[in-house]
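Please look over the sequence and the model shown here, and read the report that follows alongside them.

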Amino acid sequence: MASPEIEALTQALARLPGLGPRSARRAVLHLLKKREAALGPLLTALTAVEERLATCSTCGNVDTTDPCTICADPRRDARALCVVEEVADLWALDRSRLFPGRFHVLGGRLSALEGVRPEDLSIDALVRRIEVGGIDEVVLAMNATLEGQTTAHYLAERIERFPVRVTQLAHGLPVGGELDYLDEGTLAQALRARRPVTS
């Protein structure tokens, strides 16, 4: 039996996404075994983040500064704005290094079943950012779910009065995907988005 403190640490780690009780136990054992190399640096990093954690007042990203490092980066193209549902989506897109612009995090997606309405998301803040001007393109990078597409459609209607180009991420066949393993929705989207073959 572990001490109450070690058991509390194990239970706290087990609540993290992707970690169950067994994985949490293994992680705790590793941290205890490698106390100087792993536990100390982890505690230092967690304390630093806890003390400085902030939500960016411009885009909604989570960082240790406000504005966040993405919004404060002068190399970013301020004319292109990518709208995402969650911070995890922002981080995934930014990791790809393929989008040179800035971001806006909605904080979720519209969902009648879950009771998420437009006023529950940072849609008004998005409209204000576009209203100020200086944005040429808004990329709607919603997830390819019914709620994600409903949210994208709602956003497109809200910002159609502004002189900006509204685009959406392409959906369809993944690179390396085999047709017989794909679901019908993905195949249908791929067929709808087909394009001419160029030589």
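## Asp120 and its loop

In this predicted model, the side chain of Asp120 reaches the backbone nitrogen of Arg117 at 2.8 Å. Asp120 is placed in the loop between β4 (101-105) and α6 (123-132), and with a relative accessible area of 41% it is partly exposed.

Asp120 and Arg161 are separated by 41 residues in sequence, and their C-alpha atoms are 22 Å apart in space.

Asn61 belongs to the loop between β1 (54-55) and β2 (62-63). Its relative accessible area is 3%, which lies under the 20% cut-off, and Asn61 therefore counts as buried.

The side chain of Asn61 makes a polar contact, at 3.0 Å, with the side chain of Trp91. When neighbours within four places in sequence are left aside, Trp91 is one of the residues in contact with Asn61, the others being Ala54, Thr55, Cys56, Cys68, Ile70, Val87, Leu90 and Val105.

## The crossing of α1 and α2

Helix α1 (residues 4-14) and helix α2 (residues 21-33) have axes that come within 8 Å and cross at roughly 130 degrees, which makes α1 oblique to α2. The crossing of these two helices is right-handed.

On the α1 side the contact is formed by Ile6, Leu9, Thr10, Leu13 and Ala14, which meet Pro21, Ala24, Arg25, Ala27, Val28, Leu31 and Leu32 in α2. By class, the residues in this contact of α1 with α2 comprise 10 nonpolar, one polar and one charged.

Key
Residues numbered from 1 in each chain as written. Predicted model: local features only at pLDDT ≥ 70, side-chain atom pairs only at ≥ 80, totals over all residues. Heavy atoms only, no water. Helix = DSSP H or I, 4+ residues; strand = E, 2+ residues; numbered from the N terminus. Buried < 20%, exposed > 50% of the residue type's maximum accessible area, 1.4 Å probe, protein only. Polar contact = N/O pair within 3.5 Å; in protein donor to acceptor, adjacent residues only side chain to side chain. Contact = heavy atoms within 4.5 Å. Axes fitted to C-alpha atoms, helices over the stretch in contact; angles between N-to-C directions. Parallel < 35°, antiparallel > 145°, perpendicular 65-115°, else oblique. Left-handed = near helix turned anticlockwise from the far one by under 90°. Nonpolar A, V, L, I, M, F, W, Y, C, P; charged D, E, K, R; others polar.
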